[in-house]
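Open the model in a viewer and keep the sequence panel in view. The stops below say what to select and what is there.

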Amino acid sequence: MNSTGGRPATITTDDIVRVGREIGMRDLSMSAVAARLGVTGAALYRHVDGRWDLERLVGEAVLADLEIVEDPEQALEPHLVSFGMQLFDFVVEHPGIGAYMQQLFPRGQAGRTMLSAEIAALVRRGHTADVAIGLTNVVTLLGIGLAVSEERKLPNGQPDGYTPQMQQVLAEFLTDETTGPLHAQLPSIDPRSFVALTLAATIRGLVEVAPRGRPLGEIMADLAAFGGIEPVTGPPLQVPEGGPAASGLQQRGA
């Protein structure tokens with residue numbers, strides 16, 4: 001397609017999604033998509049309403065490929081670890097999707113479908129819906145966060161000069177008279193195994209404080225007392241004026 005002469009290039013929403021996925025969420029922009037399609041920015045705006053709309057369109061297309069495999073016979077703890085690891089693997093394999101999910105999630109039907117399926121899986125394992133929502137949110141946020149952290153360590157996820165800087169920091173850490181000997185006692189573990197252990201440790205604590213049948217309010221009070229904090233609560237979320245299309249799911253207090 002060519003926008004420099006002759007007949008104007010004709011594009012569709014499917015073209016935008018296809019090209020957006022080829023570019024990838026990490027490098028996605030209106031100008032990049034327009035250039036790849038050979039059209040002007042004005043032509044793109046006939047199909048998408050700016051950067052937010054473009055990100056949602058492409059991001060939800062990517063998330064539609066996320067298929068969480070559930071073993072109905074699996075106990076609660078390994079099920080939650082499996083859910084977190086499948087989410088972690090998907091985010092690492094799709095650079096940029098983690099940042100998209102961290103910024104505002106769920107933005108569309110693909111994200112809502114994933115969350116709803118996991119909540120239903122926890123309800124089938126004996127939890128009430130409110131506790132199932134809380135557990136799902138914690139494991140989802142942890143899986144995404146760990147994946148984004150791991151993605152930043154990849155060569156193509158770092159700014160120029162990162163590798164020598166990282167090597168220098170590691171060398172200084174290992175030769176430090178305090179941290180070096182301590183680190184030398186630790187076993188070597190690959191990053192994915194570390195993530196799995198982190199998820200398992202977190203989920204173990206969650207399951208202990210949130211056994212089946214325990215009310216959500218009691219769980220929150222227990223955790224607040226343990227951490228010496230005062231939980232901030234408020235009324236249930238309401239649809240903002242203007243309707244869902246004018247809002248989006250936000251963290252309370254944001």
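Start by selecting Leu197, which is exposed, with a relative accessible area of 54% (exposed means over 50% relative accessible area, buried under 20%, and partly exposed in between, with a 1.4 Å probe and protein chains only). Leu197 belongs to helix α11, residues 191-209.

Two notes on the values apply from here on. This is a predicted model, in which local features need pLDDT of at least 70 and side-chain atom pairs count only at pLDDT 80 or more, while totals for chains, interfaces and linings use all residues. Residues are numbered from 1 along each chain as its sequence is written, and side-chain values use heavy atoms, with hydrogens and water left out.

Next, show the whole chain as a cartoon. The chain has 12 helices and zero strands (helices are DSSP runs of H or I with at least four residues, strands are runs of E with at least two, and numbering starts at the N terminus). Of the 254 residues in the chain, 33% are buried. Among contacts with a separation of 6 or more, 67% are between residues 24 or more positions apart (contact means heavy atoms within 4.5 Å).

Select helices α1 (residues 13-23) and α2 (residues 30-37). Their axes are 10 Å apart and the packing angle is about 110° (axes are lines fitted to C-alpha atoms, for helices over the stretch in contact, and angles run from 0 to 180 degrees between N-to-C directions). The two helices are therefore roughly perpendicular to each other (65 to 115 degrees; under 35 counts as roughly parallel, over 145 as roughly antiparallel, and the rest as oblique). On the α1 side the contact includes Asp15, Ile16 and Arg18, and on the α2 side it is made by Ala32, Val33, Arg36 and Leu37. The contact residues divide into six nonpolar, one polar and four charged (Ala, Val, Leu, Ile, Met, Phe, Trp, Tyr, Cys and Pro count as nonpolar, Asp, Glu, Lys and Arg as charged, and the others, Gly among them, as polar).

From there, pick Leu44. Leaving aside neighbours within four places in sequence, Leu44 is in contact with Ile11, Ile16, Met30, Val33, Ala34 and Leu37. Leu44 is also among the residues that touch the most other members of the largest nonpolar core, which has 51 residues (such a core is a set of buried Ala, Val, Leu, Ile, Met, Phe, Trp, Tyr and Cys residues joined through side-chain atoms within 4.5 Å). Helix α5, residues 76-93, gives the most to this core, with nine residues.

α5 and α8 pack at an angle of about 35°, with axes 8 Å apart. Residues in this contact include Leu80, Phe83 and Gly84 of α5 and Thr136, Val139 and Thr140 of α8. By class, the contact of α5 with α8 has 10 nonpolar, four polar and two charged residues.

Move to Ile119, in helix α7. Beyond residues up to four places away in sequence, Ile119 touches Ala129, Ala132, Ile133 and Thr136. The C-alpha atoms of Ile119 and Asn137 are separated by 9.2 Å.

For the last stop, which peptide bond is cis? Select Phe105 and Pro106: the bond from Phe105 to Pro106 is cis, with omega near 0°. Pro106 sits in the loop between α6 (97-103) and α7 (109-124).
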